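Open the model in your viewer and colour it by chain. The stops below say what to select and what is there.

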Amino acid sequence: MDIVGVLADAMRTAVGPIAAAYAIAGIGLNLQFGYTGLLNFGHVAFMLVGAYGTAITVDDGGPLWLGILVGMGAAILLGLLFGLPTLRLRADYLAIVTIAAAEVLRIVVRGGGESSFTHGVFGIQRFANSFFDANPIPGGDYGIGRLSFTQRGLWVLAVGWSVVALTAVLVALIARSPWGRILRAIREDEDAARSLGKNTFVVKLQSLVVGGAIASLAGTLLAIDRQDVRPDTYLPIVTFAIYTMVILGGPATRLGPILGAIVYWFILQFTDSFLREAIDAGWIPTSIISADDIAPVRFALVGLGLMLLMIFRPQGMFGRREEVLIDGR
Amino acid sequence: MQARPRDGGHRLRLARLGLLALALVASASLGARTDADAQEGDTGTTTTAPTSGQQPAAESIRGRIRDEDRRPIEGVELAVRRGNRTIGEATTDGEGVWEVPVPSPGTYQVTIDTDSLSRGAELRDPDRATIDVDVGPEQNKGVIFPIGEPRTSGVQAGSRFFNLVGQGIRVGAVLAVASIGLSLIYGVTGFVNFSHGELVTWGALIAFYFSATVGGPEIPLPLATVLAMLFGGVLGFALERGLFGPLRHRRSGNVSLIVVSIGLGLLLRNVFQIVFGERPRPYSDYTVQENVEIGPFALPPKDFVIIGVSIVVLIGVGLLLQRSRIGTAMRAVADDRDLAAASGINVDRIILAVWIMGAGLAALGGVFQGISDRVIFDMGFALLLLMFAAVILGGLGTAYGAMVGGLLIGVVTEVSTYWIESKYKLAAALAVLILVVLVRPQGILGRAERVG
């Protein structure tokens, strides 16, 4: 068993482009769930429209920057679509409608044939060449041993974490603005906020839309990193994973979603590599867990972690208990 | 699921490819075996030849034309097109086998020349002489043109509609049974259980263990169904007493309960996958049945039984709620928890009873779903969104709402495939859900109240 190698694997994933993308999505969700108290279970749909907006625009001959904007615009529309019917209702309705609408969207994108503009199950590939052509980093590998990135990986990583930093600053500024105080007021007691003359419906809608637009950037980053969009990347479990990260880090904190994403991916990749090595080394008999079971074991742990966090430590690692939505509505 | 580092993704893709190859080999050998049963033994090798011979040569579309008695038909002409361009043509050989290599993965149109069908054979479905085929990378895609008595189109259109309605009633009955618990638990506790789907899967899996596991008890399915309901009730009891009850007493809010139930569902679903495996499996009893006609509906007998039993169960639940002491108490708690508590009802006991009953019914729904389709580890999660649609359409919190909503959603989903492709049918049901939330959020039977 190469324990150093396993740790290096885990570390590489924890600072890798996927963790960066999930951190961005988490920052968006933190605005909606952490600060405003909205139960948006269709967060993955924002990532989907971000990714597809970019891929389709470039696929049809547009430049990459336009694609990113198109993805963001689509996410804003989607936020309005989610929010307008549900935000006047109880929190449960938003939860149900968003998870349902996200699935509808995935099914529709998936349903088109190869000739449709989403290319159905085949997806769209190789649309981000201009992004990689702009890579200023000289060729070669960077890092030590298994903890190293290629020139390409490092470029995605640098851009990804820069976007993380930008969005985190944006949300931090939002949170300390007067508008951010209304968000928290809505989370704590919506009736009180309304009785003070705040139009809570509009503010909740704005929060949903801004959070969604941020999440669309996460989808774009994931798509660019893979150079590949496929509908079945955007399953409901992605949303649940992002919830786990946000709660793990601490809802309604500035750095919570970022640290949550890093720790989440560290644990997940560590489990993955550790189990693989343990099975290879014969420590775990394949009759109990075989290599095929590793993915479900990981997700079962995510589920268990989400449950235990919410029950025993809803403020996560760095949150404050008073800031957390223990008593919902 | 793609949320993993790149090398993990490759491994997964490789594993999928391996599975695909395995499935191809399995289906090829299966085809060979049935063929050997029907005819001389040596045909077996010839049928597998196209698969193994063409395997390195990337993608192709292939198939075999046989008549109703499974005799191959020679000399049938087929053409493969993409848009207006003809990719290739083929004529079936002595074994009825044809194959057209295609240049790349994508969507192709396969047309059978009906004039070349000999011996008075005809397509079972004359409207489907051209079929759209999606070919994946390195796939030898099989296409089936069923040959047999053509259905006359006028009658067929009518009967197809009624068949869809019949199927819809079956789906709806299962949904109604399975979602009563979801709605009633919401009614008495105000909490939407996102792990309700796993209660459904649990029932199906328990029944599978007792009836269809090799080396297991192998008892008859009806008996196993009763056991599944009992075990469902036990799980409901355990969840209320061990998890959700204590959380409620801690005054945890709705939001944290929902997130906990999401985590629970994720945990259970993946544990099911580890224990039961990824592959869908049918029960050993009642797998394939000939349709029988009752009235305008032609369904397999098992579906009629499912509909019948569901109706009995729904009436039973209705009587229980309406006539019995505990049922009245359930409705009272759902109506106003504080008032019910003030009038001497032991609210916690009633909530526990609702959990046991709801989980038992969900388990029954799971067995039904497994019988009419197959048992798979995430079947309940697939049903969950339909159940949400059902309870919101009917009116969240009422048992009768779940019944009405379930039936309506079932019929809507199935009948929608009369006009739209069946891969979109879940979308149709969820579109209804979104529409209801827009127009009448309290549902058909719900009471209008300010909910925000």
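Select chain A of this predicted model. Chain A has a radius of gyration of 20 Å, in agreement with the value near 20 Å that a compact globule of 329 residues would have. Its C-alpha trace spans about 65 × 50 × 35 Å along the principal axes. Switch to a cartoon: the secondary structure of chain A comes to 13 helices and 4 strands. Of the 329 residues in chain A, 54% are buried. Contacts in chain A between residues at least 6 apart in sequence join, in 74% of cases, residues at least 24 apart.

Still in chain A, go to A:Leu235. This residue lies in the loop between strand S4 (228-229) and helix H11 (236-249) of chain A.

Now select chain B. Its cartoon shows 13 helices and 9 strands. Buried residues account for 42% of the 452 residues in chain B. In chain B, 71% of the contacts with a separation of 6 or more are between residues 24 or more positions apart.

Next, display both chains and select the contact between them. Chain B contributes 48 residues and chain A contributes 56 residues. On the side of chain B that touches chain A, at least two residues each come from helix H1 (6-38), strand S5 (106-112), strand S6 (130-135), helix H6 (254-276), H11 and H13 of chain B. Which element supplies the largest share of that side? H6(B) does, with 15 residues. Coloured by residue class, the side of chain B that touches chain A divides into 31 nonpolar, 12 polar and 5 charged residues.

The last stop is helix H13 of chain B, residues 425-439. Its 15 residues reach 21 Å from the first C-alpha to the last, close to the 21 Å expected at 1.5 Å a residue. Show the side chains of the buried residues of H13(B): B:Ala427, B:Ala428, B:Ala429, B:Leu430, B:Val432, B:Leu433, B:Ile434, B:Val436 and B:Val437. What do the buried residues of H13(B) pack against? In chain A, they pack against helix H4 (64-86) and helix H5 (91-111); in chain B, against helix H11 (379-394) and helix H12 (399-416).

Conventions: Residues numbered from 1 in each chain as written. Chains lettered and ligands numbered in written order. Predicted model: local features only at pLDDT ≥ 70, side-chain atom pairs only at ≥ 80, totals over all residues. Rg over C-alpha atoms; globule rule 2.2 N^0.38 Å. Buried ≥ 20, exposed ≤ 12 C-beta atoms within 10 Å, placed from the backbone. Contact = placed C-beta atoms within 7 Å. Expected span 1.5 Å × (residues − 1). Nonpolar A, V, L, I, M, F, W, Y, C, P; charged D, E, K, R; others polar.
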